[in-house]
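Visitor: Good morning. May we go through the salt bridges of this model and then turn to one of its pockets?

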Amino acid sequence: MDGSPVGANGHVTKRDVCQGEDDSLELRLSGNPPYDIQYEQQRKTSRGSPSVRLQSLKTALNAVSMEMDTSEAGSYTYKFTEVGDHLYDHDPRSRPVVVTQRVNPLPSARFDSPGRIYGFCKEDISGEELIPITLEGVPPFSLEISIKHHSKAKPEIVSIPNIKSNRHNLPIPRRHLELGQHVVSIRKVRDARGCQQETEFDSSSVRVAVSDVPTIIPLESKTDYCVGERLSFSLSGHAPFDVFYTFDGASKKATSKTTNFRRIAERPGVFTITAVGDGASGKCKAHKNITKTIHEMPSVRISKGQVSVVDIH
């Protein structure tokens, strides 16, 4: 039977296979064909109670190949209860042959926060970006991920081997990230049992936005303003922007959805822009020191006055 030795108790143990993997059992028969074989198939899975099915095989050959059931992960038992040929029916005194096999589940991997946008700054060169994922199966795992930049037709494939835990912070090497938006997907996962699962259209994906450092410049070169005038600045980078400033020592933050930032000089004081951040990614922030002084408007008033009468003839 299948080249595997039959134990003294009539048991045969086939090698483990992965869920969905093609596998078969070769049966050698002796006697006078055709043969009639009856067997029971028992399946125990992690979901639900065990099931038993009665099956039969008929063949005119001295060898037959029987497909193994690998549709679900679990433990399978094939108990061959009756074998008859053209001349004799089954001998009830014969001992049944039992074949067992374990079907291992396919591993899986998913992002902890699918659909989330991770923002990174191009100028931040400290190491790699980390995206948390959860894996199911037997470690160590190996992963194959796809990094698709919005401006390119084909994704870049990156292999990450030897993941030793079911929880992992997935590193995205900076050399694979460019300015703009990326879609990161899991294409393939393999575990220590050799089981592998590929995903053609992966619903578990995240986005990675890489932004350049934003800048802010005043539209006017003057540093002194009067109350009522407008202070105008130009922004560059990815909107929205966070503008951090102080007015007379009080720290404030404003958000601009466009590349323009304006403030009305409502009262006298010192206005200083201290930093500008990329509100889209939340990672890029440039420190600045742009100071404008706002002065009170000049005024004229008569304190008491004096009456003068001139007699004109």
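**Salt bridges and a pocket**

Guide: Arg167 forms a salt bridge with Asp112, with 3.0 Å between the closest N and O atoms. The pair links distant parts of the chain, 55 residues apart: Arg167 belongs to strand 14 (residues 167–172), and Asp112 to the loop between strand 9 and strand 10 (117–121). Helices (H or I, at least four residues) and strands (E, at least two) are DSSP runs, numbered from the N terminus.

Visitor: What counts as a salt bridge here?

Guide: The term denotes a side-chain nitrogen of Lys or Arg within 4 Å of a carboxyl oxygen of Asp or Glu. This is a predicted model, in which local features need pLDDT of at least 70 and side-chain atom pairs count only at pLDDT 80 or more, while totals for chains, interfaces and linings use all residues. Residues are numbered from 1 along each chain as its sequence is written, and side-chain values use heavy atoms, with hydrogens and water left out.

Visitor: Is Arg167 buried or exposed?

Guide: Arg167 is exposed, at 52% relative accessible area, whereas Asp112 is partly exposed, at 30%. Buried means under 20% relative accessible area, exposed over 50%, and partly exposed in between (1.4 Å probe, protein chains only).

Visitor: And with which residue does Arg110 pair?

Guide: Arg110 forms a salt bridge with Glu136, the closest N and O atoms lying 3.4 Å apart. Because Arg110 is in strand 9 (residues 108–111) and Glu136 in strand 11 (residues 129–136), the pair ties together parts 26 residues apart in sequence.

Visitor: What about Asp23 and Lys14, buried or exposed?

Guide: Both Asp23 and Lys14 are buried. Their salt bridge has its closest N and O atoms 3.7 Å apart.

Visitor: How many salt bridges in the whole structure?

Guide: The search finds 14. Arg43, Arg53, Asp69 and Glu72 are joined in a network of them.

Visitor: Changing topic: which residues line the second largest pocket?

Guide: Its lining includes Leu231, Tyr245, Phe247, Lys252 and Arg263. Strand 21 (241–247) and strand 23 (260–264) each supply at least two lining residues. A pocket is an open set of points on a 1 Å grid over the protein atoms alone, where a 1.4 Å probe fits, with protein on both sides within 12 Å along at least five of seven lines; lining residues have an atom within 4 Å of a point.

Visitor: And what is the volume of the second largest pocket?

Guide: The volume is about 220 Å³, meaning the space filled by probe spheres set on the points.
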